[in-house]
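Here is a set of exercises to work through with the model open next to you. Try each task before you read its solution.

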Amino acid sequence: MNIYFGLGSNLGNRLQNLREAEEKLKFFGRIVKASDVFETEAWGGVPQPDYLNACVKIESEEEFSPIEILRTVKNFERELGRVESVRWGARKIDIDILLIDDEIFSSQELNIPHIRIPERLFVLVPLGQIVPAEWRHPLNGKTIREMIDDIDEELPLRVAEL
């Protein structure tokens, strides 16, 4: 099973926060691909510091249900110092489950693929570095490039100077 995660941090030592999240995610299996780390302006309209964002692909020999993955990830976020605040507010760490193979899953708690993938450049660009070249979104059938082209706004996105 392949699980794709999006990571973000805009408080404290942002890069260290991402690295600690990657270490926690090894619980699920082996990290087989990781994107570059990108620095982006905050998304969602709440004034706050810029984010560091990245995506990782985990190859797992175990089968986890989407809800098991979600609950484990939420525990990891708490262990890493995340404090719930306003929606889309500043956070020390954010771990989003983006994809689980080509699975489609929907509940009140979780949607797989992540429902906002097609509208977020800070996810699409790093995700595009780690998904297979022929990958298409399981719901809309679009490639990463097509989804990026569909986004009207420009979000400054740059490889972070680390």
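## Exercise 1: a helix in the interior

Of the 10 residues in helix α3 (residues 121-130), 7 are buried, so the helix is largely enclosed by the rest of the structure. Buried here is under 20% relative accessible area, exposed is over 50%, and partly exposed is in between (1.4 Å probe, protein chains only). Helices are DSSP runs of H or I with at least four residues, strands are runs of E with at least two, and both are numbered from the N terminus.

Before you start: this is a predicted model, where local features need pLDDT of at least 70 and side-chain atom pairs count only at pLDDT 80 or more, while totals for chains, interfaces and linings use all residues. Residues are numbered from 1 along each chain as its sequence is written, and side-chain values use heavy atoms, leaving out hydrogens and water.

**Task.** Find the buried residues of α3.

## Exercise 2: the overall layout

**Task.** Work out how many helices and strands the protein chain has, and in what pattern they follow along the sequence.

**Solution.** Step one: count 4 helices and 8 strands. Step two: read them off in sequence, which gives β-α-β-β-β-α-β-β-β-α-α-β. Step three: look at burial, where 46% of the 162 residues in the protein chain come out as buried. Step four: take the contacts (heavy atoms within 4.5 Å). Among those with a separation of 6 or more, 71% are between residues 24 or more positions apart.

## Exercise 3: aromatic rings

**Task.** Describe how the rings of Phe27 and Phe28 are arranged.

**Solution.** The rule: rings of Phe, Tyr and Trp (its six-membered ring) pair if their centres lie within 6.5 Å, and planes under 30 degrees apart are stacked, over 60 edge-to-face, the rest tilted. The whole structure has 6 aromatic pairs. In one of them, Phe27 and Phe28 sit 5.2 Å centre to centre with 80 degrees between the planes, making the pair edge-to-face. Phe28 also pairs with Phe76: the centres are 6.2 Å apart and the planes at 70 degrees, so this pair is edge-to-face. Phe28 lies in the loop between α1 and β2 (30-34) and Phe76 in helix α2 (residues 66-79), so the pair ties together parts 48 residues apart in sequence. Both Phe28 and Phe76 are buried. Zooming out, Phe5, Phe27, Phe28, Phe64 and Phe76 form one aromatic cluster.

## Exercise 4: salt bridges

**Task.** Which parts of the chain does the Glu39 and Arg14 pair link?

**Solution.** A salt bridge needs a side-chain nitrogen of Lys or Arg within 4 Å of a carboxyl oxygen of Asp or Glu. The structure holds 12 of these salt bridges. Glu39 and Arg14 form one at 3.0 Å, N to O. It links distant parts of the chain, with Glu39 in strand β3 (residues 38-40) and Arg14 in helix α1 (residues 14-25), 25 residues apart. Glu39 is buried at 18% relative accessibility, while Arg14 is partly exposed at 22%.

**Task.** How far apart are the closest N and O atoms of Asp149 and Arg145?

**Solution.** They are 3.2 Å apart, in a salt bridge between Asp149 and Arg145. The two residues are 4 apart in helix α4 (residues 144-150), so about one helical turn separates Asp149 and Arg145. Both Asp149 and Arg145 are exposed.
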